[in-house]
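Welcome, and thanks for taking a look at this one with me. Here are some notes to read beside the structure, point by point.

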Amino acid sequence: MPGSLPYLSIALISASALAYEILLMKLFSIIQWHHFAYMIISLALLGYGASGTFLSLFRERLQSYFPYAYIGNIILFGLSSIFCFIAAQQIPFNPLEILWDMKQLFWMFGLYLLLTLPFFFAANAIGLAFIYDKTAISGVYAADLLGAGLGSLGILGLLYLFFPASILQFIALAALFAALIGFKELSLKPNTGAVLLFVLSFLAVVLLGRVSTLHMNEYKDLSQTLRITGTQIVEERSSPLGMLSVVESPEVPFRYVPGLSMASVVEPPQQLGVFTNGDGMSAITKYPDKMEQLGYLDYQTSALAYHLGDPDKVLILGAGGGSEILQALYHKTKVIDAVEIDPQMVDLVGKKYAGFAGNIYAMEHVTIHTAEARAYVASSAQKYDLIQMAMVDSFGASSAGLQSLSENYLYTVEALQLYLRHLKPEGYLSVTRWLKLPPRDTLKLFATAITVLEKNGVEEPQKHLVLIRGLQTSTLIIKNGVFSSVEIENLSHFCDERFFDIVYYDGLEMSESNRYNILDKPYFFQGTQALFENREQYFSDYKFDIRPATDDRPYFYHFFKWETLYEIFALRGTGGLHLLEWGYLVLLASLLQAIIASIVLILLPMIRFRKAEKITIATSKKRVLLYFFALGFGFLFLEIYFIQRFILFLSHPLYTVAVVLSAFLIFAGLGSRYSKRLGTLKGYRKSARYGIFGILIFGLLYVVMLDHIFGFLLTQKELIKIAASVVLIAPLAFAMGMPFAMGLSELGRHSESLIPWAWGVNGCASVISAVAATLVAIHFGFTAVMAMALLFYLSAYFSFPESLSD
């Protein structure tokens, strides 16, 4: 009979592996871009699938040496977690060159292999525990899930305290500690060899930690900026929201004024550049001696609202380095509320560089709120003359389509409806975006504004909109009222004086729309007119997807259409690749590669099964495949759905991920723990079906009731909302912990050799489902993700891998 299992070390290695996964996403978001990081890490997680294949092929031999194989894999995870990342940075992989440099595919494959290894070793350790004692599967799975839940909380805490690169060492040391705990739990006797192994491993981690620095892609904004003579990073801050790098450039001064008109004669003051994860630059501007020195801010398209009316009370969403606050101060605004999500940025402007920035946050009529922008508006009872939405994304990332998979709840139909409700009568909502050619963001935002006005019951929405463009930016203004003839005259005067082009107002002639920043055709004018005249036909015919984003499909930056792919790809030799939405194509490439790798990993053990079929397999392999594949898909689909639904309720993406992910994993672990008792009383099949039935019931209830529950609790304090979230998630997650443990326990009863294979099948499904869920959400919405999750669990209900003899 097997001895006691090392439950505590299982929890620790699971916590370390999940923390490592989240950390790698953060690290590769800094050195590459978010969605290339997403592709690399998602495929690296196939290490779990590879582990199932490996354990299936070598189960008997490894089972005989379980204590040593278990401890060895944990140590290998710790060493490889830091070594593989350091080695991966030495690979000259540049994802932007994939389509014309075939060597990049080779380098990308090398990255996959390196980053797969740590997850392979971690999965081996947990998988070995599953096959070592088939009667303790529920306990092992419970320890795995509970550890992962605690790891998801722990990594967020570490990201607040330390820079991402230094956390690699913490995770590696945590793995070595897990190995020590396991050594004790398995009652292994220490000897010279074991002591030497741990000492050498510890020294290796310490030495590797000293050389683990970040090498950022040379094409990121920060890398390009640092190539300018004299530029240097003067300060860096880090948090889970991102790494902020403050840069000074004394020899070639920063002149960061998005959309500045060439008619401006005022030179911007000295600036410090602030980059988030090497991109998304904003500027902290030195406060001038005279207010007239801020006159250049009146020559941005975003200044239009101050010339249409005289707003006394302004709300700025996305304060950043403070440029929009300076713009409001220049126009003598009496009350300025500014919202910034990142407390590190608030600290830089409000404290560290407060003297440089003129203590603008401490001014009597300026109030800074550290909060998520939409959440602040939803919780506020204030009404404003002007709500100004600043640009918070970098031009480079935006134009390259690198944000096409980013959920953004600031530009959805529901968000704009919320902003309009917080305007005073005759107030303005001003939204400024980077200008793209062919038009994408601008037309999508315009279509969203029309939809919002129509949903609000406005009879003539065309009279509530004006749109202008400069060389780099466009500004849309939605008025809580009808634009008057005086305002239209002010609009024309503003644009003529600054060489901006009017794109839309009710009654605009084509000849007035393409005068200064001349295009081959008045594309923006034609687009806005078509959106009023025959919107659905224009959506269908246009080469990019410009349908409005909604809270159910919050992908404002997604413009990809399949029918334009060949046309754009044909232009790759003439600079046409910038028209591709890289993020979407990366997602598709991830899905394709994950599917191919999963097929190989799932089929390989079949060779062994043919030889052992009569002896050790007493169930249908097809049922095993369907059951554990469905569970992998269903679990991830539900997690992703609930994370997205709770983002708006909890008001902060970090709180949401921490609360939802940890609650799901911890309560699923408790469900797995309880399932052993239930399985003993009711049988494994019936217990699994109880769990699946609970998932279906709670899932359907939440689809119907969740919006009403959120509406009731939305105005409560944060702690109450967090507690309510945990209570809502707990019963569903508890039920979700039961089917997997009961399925593996059933295999342990009659087909023990299939346990590692089922573990690998579930791992492969989890990787594919993370990518597939995003694709489903982009095209059909998160409600469809939830519906598909319930269908997966329904299929698992009818495919439980019971014995053929039962």
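1. A definition to start with: two strands pair if DSSP finds at least two bridges between them. Helices and strands here are DSSP runs, numbered from the N terminus. Please keep in mind that this is a predicted model.

2. Let's begin with the sheet of four strands. This open sheet has the order β1-β2-β3-β4, and its pairing is antiparallel. At the edges are β1 (232–239) and β4 (279–285), each of which pairs on one side only. On average, neighbouring strands of this sheet are turned by 25° against each other, direction ignored.

3. Now follow β1 into its neighbour. A hairpin through two residues joins β1 to β2. The two strands run antiparallel and are joined by seven bridges, with β2 covering residues 242–248. Which residue stands opposite Glu235 in β2? That is Val246.

4. At the other end of the order, strand β3 (residues 271–276) is joined to β4 by five bridges, and these strands also run antiparallel. Here you can find Thr276 opposite Asp279 in β4.

5. There is also an open sheet of eight strands, in the order β7-β6-β5-β8-β9-β11-β10-β12, and its pairing is mixed. Its edge strands are β7 (366–370) and β12 (501–504), each pairing on one side only. Neighbouring strands of this sheet are turned by 20° against each other on average, direction ignored.

6. Within that sheet, have a look at strand β9 (residues 423–434) and strand β11 (residues 473–479), which pair in the antiparallel sense over seven bridges. Tyr428 stands opposite Lys479 in β11.

7. Next, a surface feature. Val195, Leu196, Val199, Leu200, Phe202 and Leu203 form a nonpolar patch on the surface, with about 540 Å² of accessible area together. Phe202 lies in helix α9, which covers residues 192–210.

8. Last, Asp441. This residue lies in helix α18 (residues 441–455). Is Asp441 buried or exposed? Asp441 is buried, because its relative accessible area is 1%, and the cut-off for buried is under 20%. The side chain of Asp441 makes a polar contact with the side chain of Lys436, at 3.0 Å. For a sense of distance, the C-alpha atoms of Asp441 and Ser166 are separated by 38 Å, and the two residues are 275 residues apart along the chain.

Terms used: Residues are numbered from 1 along each chain as its sequence is written. This is a predicted model: local features need pLDDT of at least 70, side-chain atom pairs count only at pLDDT 80 or more; totals for chains, interfaces and linings use all residues. Side-chain values use heavy atoms; hydrogens and water are left out. Patches are made of residues with over 30% relative accessible area and no salt bridge: like charges are joined within 9 Å, nonpolar side chains (Val, Leu, Ile, Met, Phe, Trp, Tyr) within 5 Å. Accessible areas come from the Shrake-Rupley method with a 1.4 Å probe; for residues, only the protein chains shown count as cover. A salt bridge is a side-chain nitrogen of Lys or Arg within 4 Å of a carboxyl oxygen of Asp or Glu. Axes are lines fitted to C-alpha atoms, for helices over the stretch in contact, and angles run from 0 to 180 degrees between N-to-C directions. Buried means under 20% relative accessible area, exposed over 50%, partly exposed in between (1.4 Å probe, protein chains only). A polar contact is a pair of N or O atoms within 3.5 Å; within protein, one must be able to donate a hydrogen and the other to accept it, and residues adjacent in sequence count only if both atoms are side-chain atoms.
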